[in-house]
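Student: I would like to learn how to read some features of a structure, going from one to the next. Could you take me through them slowly?

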Amino acid sequence: MADRPDPQAQAGHNAPGLSLHVPEPKFRPGDAVDFSHVDVGEPGKQPRPDETCAPETMRDFAYGLVRVLGDDNRAHGPWDPKLDPETLRTMLGHMAMTRAFDERMFRGQRQGKTSFYMKCTGEEATSVAASMALASDDMVFPSYRQQGILIQRGYPLIEMINQIYSNRGDKLKGRQLPIMYSSKEHSFFTISGNLATQTPQAVGWAMASAIKGDTRIAATWVGEGSTAEGDFHSACLFATVYNAPVILNVINNQWAISSFSGFAGAERTTFAARALGYGLAGLRVDGNDPLACYAAEQWAANRARANAGPTLIEFFTYRAEGHSTSDDPSGYRSAQEREEWPLGDPVMRLKNHLIELGEWDEERQEKMDLEAAEHVKKVTKEAEANGILGHGLHHPFRTMFEDVFEELPWHLKEQAEQAIHERETKFPGGLPNEGKGA
Amino acid sequence: MSETETMSAPDQTPDQAPNQAEAKPERRLNMIEAINDALDISMQRDENVVVMGEDVGYFGGVFRCTAGLQEKHGKNRVFDTPISECGIIAAAVGMGAYGLRPVPEIQFADYIYPGLDQLISEAARLRYRSAAEYIAPMTVRSPFGGGIFGGQTHSQSPEAIFAHVSGLKTVIPATPYDAKGLLISAIEDNDPVIFFEPKRIYNGPFSGYYDKPVQPWKKFDQSVVPEGHYTIPLGKARLATEGEQVTILAYGTMVHVVEAVCKEKGIEADVLDLRTIVPLDIEAIEASVKKTGRCLIVHEATRTAGFGAELSALVTERCFYHLEAPVERVTGFDTPYPHSLEWAYFPGPIRIGEALDKILKD
Ligand SMILES: Cc1ncc(C[n+]2csc(CCOP(=O)(O)OP(=O)(O)O)c2C)c(N)n1
Ligand SMILES: [Mg+2]
């Protein structure tokens with residue numbers, strides 16, 4: 001310090017004044033959008049390295065984009081996972097179902113049936129296709145935007161809706177905010193509202209699997225904005241130190257509520273490039289290309305299962321809708337971005353690919369969409385019989401005190417009695433239609 | 001009323017002297033607008049004040065508390081940050097060491113925990129460990145508390161964690177008028193201040209009856225917020241209502257719930273809105289409890305080792321021979337904040353009313 005001039009006394013000093021850089025997105029509300037600066041490369045051009053290759057040989061993959069589906073709706077290059085048409089139709093079906101589900105649940109929130117909802121529109125491939133490339137008992141540690149994994153893994157829609165309505169059918173007993181699912185049966189970790197916490201946990205699970213000589217691997221999903229949290233650094237470091245059998249999926253959908261990806265570092269580098277500093281394998285992938293998503297996740301899963309190490313995958317995609325039902329993106333970004341997004345829509349791209357293969361047509365697509373919407377509608381009705389948020393059909397009061405600990409200590413017992421007593425005071429005869437027990 | 005005693009009179013900065021000729025119409029603001037006003041005025045008066053946090057810049061914050069500030073004061077002084085609460089607090093420590101006066105926002109109090117090491121081990125201790133060579137003159141603003149169906153990660157009241165840390169001040173306003181005066185004081189304070197904003201009452205006070213419509217702040221005189229600079233000292237409570245029967249200690253949302261319950265039950269209480277829990281207005285508490293001989297403490301946070309425990313100990317230690325009934329606490333339950341059973345959890349009119357009945361029994 002001593003040999004430096006006092007900054008206050010610097011007027012007239014020769015050195016130029018420093019200036020702060022604050023990132024700014026290219027487009028704001030009302031702006032015409034031109035994404036020509038976004039280099040998306042060409043489908044089929046990326047080589048596919050051996051799954052056991054050394055991370056330092058993978059530098060280019062951190063900056064390029066693994067793409068398979070071209071504008072001609074055909075699959076190109078060595079990353080083509082060569083899935084049979086039946087599998088492709090299944091993939092399309094899960095993605096369409098995810099979208100139909102989102103539509104209905106969003107509407108349900110607007111109708112006052114619950115407090116909150118989050119769509120994953122435009123990002124369906126990053127959960128559905130990636131999840132299809134894993135074994136069904138590989139452990140996943142998702143963020144809040146991977147409902148596609150549950151749908152792909154066959155978790156019953158009614159359980160999802162019960163959870164969203166926080167009703168008496170909710171397996172999580174109405175404790176969690178809507179969409180914060182959990183299903184151990186589906187190897188799906190309980191979702192946290194605190195960002196990025198799941199990422200080092202996934203690494204820990206993978207380390208445990210390795211300690212035990214198991215064959216299952218772990219995968220985690222995290223938003224690009226959330227990679228700013230220290231937890232994500234811990235995830236990368238533990239993964240590389242222990243060569244953990246884990247996949248770190250970063251969903252770069254360009255936005256974190258109102259903050260564009262530049263506030264997570266994207267003005268200077270890619271998210272996949274974070275892998276380089278840690279010595280992780282890194283892939284950057286067209287997240288709106290279901291075949292590329294599948295192929296990349298499969299590559300990383302093969303690598304992990306072969307004890308060849310962890311992979312960080314950046315899925316380059318776009319959050320087509322608002323952050324949540326509490327958000328209105330027209331306040332901070334141009335509405336044109338969605339239409340102009342250079343990588344299109346994942347559902348459309350897979351549909352067009354199947355049509356190009358002669359394995360699908362518009363009528364079947366229409367029928368599938370209709371059936372998906374109707375199925376969701378029917379299940380929603382069933383779930384509504386268990387109640388909607390704030391209408392009395394919730395779990396009994398005593399359940400509020402369960403699972404704080406394995407056993408109820410004296411103070412929680414006393415508090416449970418107080419809660420039940422308050423309920424009896426407020427509703428002396430109990431509520432009509434109410435679940436048993438106070 | 002101690003309200004006027006404890007507040008410095010609103011004054012004007014020299015460059016915006018009032019025009020005596022045209023008396024300004026009374027201005028009513030909700031708590032969000034009052035906070036915005038306090039930030040704006042602090043930035044006008046002191047170039048070293050900077051505002052930062054997730055989504056606070058162009059967008060103006062998820063609760064709109066920083067709306068318009070970036071446009072007015074520039075991106076150098078109002079900016080978004082990466083989603084790293086650790087980074088936000090740590091950067092504020094560094095900026096403070098340089099001589100700035102940062103006002104970081106943590107989007108929800110539930111998300112402050114990744115920043116705890118920087119707050120507890122660093123911000124709170126710089127002054128002590130450097131013998132006042134370095135200080136951390138920051139004000140960490142954060143919406144807190146429940147009653148909005150936010151589930152366990154948008155509802156917590158973690159004030160006791162901060163009150164427990166030596167070197168941190170903790171402030172919780174209950175009205176728009178106070179929010180502005182307290183926030184300006186916090187920003188001008190040379191020590192780190194945690195400023196928790198009760199988000200349930202951002203738009204209007206809350207009676208505790210969730211099934212009744214909320215009245216907007218505009219209908220209440222506490223929303224009259226003068227223009228220009230004024231401060232409310234940290235460590236001075238506000239006597240919200242005056243009465244002889246019992247003293248009720250509360251802060252934030254619960255001040256209004258308590259007032260509504262007393263009104264409904266016809267109880268004449270000294271309702272002391274503590275406004276800051278560290279430093280605490282022990283004089284006001286002692287004076288009131290010695291007058292009424294009875295004391296109820298109400299907070300929304302969990303009970304065990306909550307701030308109510310500290311208050312109860314203080315009242316018992318200092319007013320024991322004046323007490324005519326044991327000190328009672330009404331609090332949230334010792335569970336994570338539930339979603340569907342939010343109103344069974346919330347310390348509402350029944351829990352408060354019964355505690356009052358018990359205290360006033362004989
Ligand atoms: C620790 C923490 N800080 C802040 C928040 C508030 N928050 C919720 S979602 C979000 C944006 C996350 O963006 P990103 O990681 O890009 O995921 P996306 O929503 O785009 O899927 C923020 C700031 C939070 N939930 N947890
Ligand atoms: Mg994002």
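Student: Where is the place of Leu237(A) in chain A?

Tutor: Helices and strands are DSSP runs numbered from the N terminus, a helix being H or I with at least four residues and a strand E with at least two; Leu237(A) has its place in helix 6 of chain A, residues 230–241. This is a predicted model, in which local features need pLDDT of at least 70 and side-chain atom pairs count only at pLDDT 80 or more, while totals for chains, interfaces and linings use all residues. Residues are numbered from 1 along each chain as its sequence is written, chains are lettered from A and ligands numbered from 1 in the order in which they are written, and side-chain values use heavy atoms, with hydrogens and water left out.

Student: Is Leu237(A) buried, exposed or partly exposed, and what is the reason?

Tutor: Buried means under 20% relative accessible area, exposed over 50%, and partly exposed in between, with a 1.4 Å probe and protein chains only. Leu237(A) counts as partly exposed because its relative accessibility is 35%.

Student: Why is strand 4 of chain B described as largely enclosed?

Tutor: Strand 4 of chain B covers residues 139–144, and six of its six residues are buried, so the rest of the structure largely encloses it. Thr139(B), Arg141(B) and Pro143(B) point one way from this strand, whereas Val140(B), Ser142(B) and Phe144(B) point the other way.

Student: In which sense does strand 4 of chain B pair with strand 6 of chain B?

Tutor: Two strands pair if DSSP finds at least two bridges between them; here strand 4 and strand 6 (residues 193–198) of chain B pair in the parallel sense, over six bridges. Within strand 6 of chain B, Phe195(B) is the bridge partner of Arg141(B).

Student: How much area do chain B and chain A bury between them?

Tutor: The size of an interface is often given as the accessible area lost when the parts come together. Buried area is the accessible area (1.4 Å probe) that two parts lose on being put together, summed over both, and chain B and chain A bury about 3,700 Å² between them, with 60% of it on carbon and sulfur atoms. On the side of chain B, Tyr58(B), Ile83(B) and His339(B) lose the most area to chain A, together 17% of what that side buries.
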